[in-house]
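Visitor: I'd like to learn how to read a model like this one. Could you walk me through a few features?

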Amino acid sequence: MLLTIDVGNTHTVLGLFEGEEVIEHWRLATDARRTADEIAVVLQGLLGQSPLLKGADVSGIAICSTVPSVLNEMREMCRRYYGDVTAVIVEPGVRTGVPVRMDNPKEVGSDRIVNALAAIDQYGGPCVIVDFGTATSFDAVSAKGEYVGAVTAPGIEISVDALAAAGAQLHKVELIRPRSVIGKNTVEALQAGIIYGFAGQVDGIVERMVAELADDPDEVTVVATGGHAALVVGESRSIDVHEPWLTLIGLRLIYNRNTA
């Protein structure tokens, strides 16, 4: 079985593949202070506790990370605890098959390239990927499968935290859809502003990106992923597909590409 690990700034998502299917998954808080030994303990605990994995062995590992310190510890964890398992870490020199048409390709996060590969493989191009993570990232991929550019906006969690910190009578609220757009109390007003505000932001940015990517908007597939995607997908008119495991799928594809 292939273990895929996507280390983000806020959360780390792990998925276990049997063939092309995600059969188990976990979401953890990303902690830059965790050592390789601590990561191994957490990982082995998760694998051992799952009722789906009794007797199953990890035969390969694929990792991408936006946090350099965590990536270093992940590398050490693989070396010490999974030395006999092939590990592919998405970094310079790893074959992705995604040409990067940016002024400085080194600035593009590895997770962005992984997502682009998965989107092209699953849905074809051109496409726009909206990743609801620490930041809300919009990635543009051409019909040829090239990564051609991006838009980055503050993420939902960051925006909520900033609002609560700056407003004396405001506080963090549960991120769920309110009864109506016009809130009848402070909590519902905040929920409406967050959910419908981000849905409007997504639609506005996506529509402009689509206009630059293709003459016919119907040719462009808009794919949503990330931890907060489910909050916005139902309220957005521009998102075509919600794929929560997009990055993990991309990691599987890169692993296969580099170990075939």
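This is a predicted model: local features need pLDDT of at least 70, side-chain atom pairs count only at pLDDT 80 or more; totals for chains, interfaces and linings use all residues.

Visitor: Which residues of helix α1 are buried?

Guide: The general idea first: an α-helix has 3.6 residues a turn, so residues three or four places apart point the same way. Here, Ala-36, Ile-39, Ala-40, Leu-43, Leu-46 and Leu-47 of α1 are buried (under 20% relative accessible area; exposed is over 50%, partly exposed in between, with a 1.4 Å probe and protein chains only). Those buried residues line one face of the helix, because they fall within an arc of 135° seen down the axis of α1 (the arc is taken over the directions from the helix axis to the C-beta atoms). Val-41, Gly-48 and Gln-49 are exposed on the other side of α1.

Visitor: What do the buried residues of α1 pack against?

Guide: They pack against β1 (2-7), β2 (11-18), β3 (21-29) and α2 (68-81). Helices (H or I, at least four residues) and strands (E, at least two) are DSSP runs, numbered from the N terminus.

Visitor: How should I read the largest pocket, and what is its volume?

Guide: Rolling a probe the size of a water molecule over the atoms shows where empty space is left. A pocket is an open set of points on a 1 Å grid over the protein atoms alone, where a 1.4 Å probe fits, with protein on both sides within 12 Å along at least five of seven lines; lining residues have an atom within 4 Å of a point. In this model, the largest pocket has a volume of about 650 Å³, that is, the space filled by probe spheres set on the points, which are joined across faces, edges and corners. It is lined by 37 residues, with Asp-111, Arg-112, Asp-131, Gly-133 and Thr-134 nearest its centre. The largest share of the lining, 4 residues, comes from β8.

Visitor: Is Asp-131 buried or exposed?

Guide: Asp-131 counts as buried because its relative accessibility is 11%. It lies in strand β6 (residues 127-132). Leaving aside neighbours within four places in sequence, Asp-131 is in contact (heavy atoms within 4.5 Å) with Arg-112, Asn-115, Thr-136, Ser-137, Thr-225 and Gly-226.

How values were computed. Residues are numbered from 1 along each chain as its sequence is written. Side-chain values use heavy atoms; hydrogens and water are left out.
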